[in-house]
Amino acid sequence: MSDDLRSFVQGLPKAELHLHLEGTLEPELMFQLAGRNGIALPYANVASARAAYDFTDLQSFLDLYYAGCSVLVTEQDFYDLTWAYLLRAAEENIRHVEPFFDPQTHTERGIHFGTVVAGIVRALDDGQKHFGISYRLIMSFLRDMSPASAGQTLEHAKRYGRHIAGVGLDSAELGHPPEDFEEVFAAARGAGYHIVAHAGEEGPPSYITGALDILGAERIDHGVRCLEDELLTARLAMDRVPLTVCPLSNVRLRVVPDMAHHPLKTMMDSGLLVTVNSDDPAYFGGYLVENYVAAAEALGLTRGDIVALAIASFEASFLEEGPRQERIGEVQRHAAAYGFEGTASTL
Ligand code: HPA
Ligand code: ZN
């Protein structure tokens, strides 16, 4: 049964919209890059690195996640990181990705912005060429750094024109509300970037409202805490604001007590445009297929629910209308081959 579910999910064309490239750094590659760059790691081996991943909340995870990034130095390192993810994505039939990267994590260590972008974009272009995986790259500002630093990062990004499609906001949420970044997001909107923001993961529903009203977010990353505010939930549903939900991440970072208590199904039943994503799969124990399977098993999702989630992943993407409908058609053909009708959930 579970194998059937897994192969159904695996074959289903999907988009991934909430994925931190730095969060795909598997310990094996971390050690390989550390060796190549002569960097000492605080772990004796791959197994002890994995064993150290015993975080209890967002901040304890972020401490390890940023430490792991120290091995990323050259353009080739960023290529290898991105390429390793794309190999997984191709295996999982991910047809479109909108990954995040955190420029400040690297520029703070003296790595040039251009080095980071060049490696990532070269891999994404190869992924498009070899696997037909389309992409829109999103750079995220670290909300626990200053708005001035975000502003400098935006200035860097403008030099890379078409390579960066969107701007996001991530890192430690509590105590760093969206309004701190009003000015830099206004500048990003003015420069034509798509806008997304992490909100309502650990932070309260008011951070979701702030992300929408103050930053102009078109999509909310996580957003699970919206359910604490009925009016906000109704607004998100009515305006079809996409929420990029990450089930395994929420369990690992104790945003929810366990998968059986994950609000994904409640969110779907509330009419929200929710998508399933993997966030930082090297750290949270599973890539995209595993997130769908774990949520489906714990919450009793039907094949129809799963198809609706895959369709939603393209609806919520920044693809243009033509390619978006083509991808949704692919999902519907896959569903029909299994005897399911996939219906677009557009109102
Ligand atoms: N939340 C905030 N910042 C992040 C995350 C997350 O889940 N993953 C990587 N940076
Ligand atoms: Zn995230």
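The lining of the largest cavity divides by class into 5 nonpolar, 4 polar and 5 charged residues. For the classes, Ala, Val, Leu, Ile, Met, Phe, Trp, Tyr, Cys and Pro count as nonpolar, Asp, Glu, Lys and Arg as charged, and the others, Gly among them, as polar. A cavity here is a set of points on a 1 Å grid over the protein atoms alone where a 1.4 Å probe fits but cannot get out, and lining residues have an atom within 4 Å of a point.

Before I go on: this is a predicted model, where local features need pLDDT of at least 70 and side-chain atom pairs count only at pLDDT 80 or more, while totals for chains, interfaces and linings use all residues. Residues are numbered from 1 along each chain as its sequence is written, chains are lettered from A and ligands numbered from 1 in the order in which they are written, and side-chain values use heavy atoms, with hydrogens and water left out.

Back to the cavity. The search of the whole structure gives 1 cavity of 30 Å³ or more. The volume of the largest cavity is about 100 Å³, taken as the space filled by probe spheres set on the grid points, which are joined across faces, edges and corners. Of its 14 lining residues, H20, L58, L62, S171 and H198 lie nearest the centre. Helix α4 provides the largest share of this lining, 5 residues; helices are DSSP runs of H or I, at least four residues, numbered from the N terminus.

What sits in the largest cavity? Ligand 1 does, by the criterion that more than half of its atoms lie within 2 Å of the grid points. Around ligand 1 are residues including F61, Y65, D170, E201, D279 and D280, where near means a heavy atom within 4 Å. With 4 residues, α4 (58-68) gives the most to this shell.

Now the polar contacts, pairs of N or O atoms within 3.5 Å. A backbone N or O atom of S171 is 2.8 Å from a nitrogen atom of ligand 1. Taken alone, ligand 1 exposes 260 Å², and the protein buries 100% of that, with areas from the Shrake-Rupley method and a 1.4 Å probe.

How values were computed:
A polar contact is a pair of N or O atoms within 3.5 Å; within protein, one must be able to donate a hydrogen and the other to accept it, and residues adjacent in sequence count only if both atoms are side-chain atoms. On a 1 Å grid over the protein atoms alone, a cavity is a set of points where a 1.4 Å probe fits but cannot get out, and a pocket is an open set with protein on both sides within 12 Å along at least five of seven lines; lining residues have an atom within 4 Å of a point. Helices (H or I, at least four residues) and strands (E, at least two) are DSSP runs, numbered from the N terminus.
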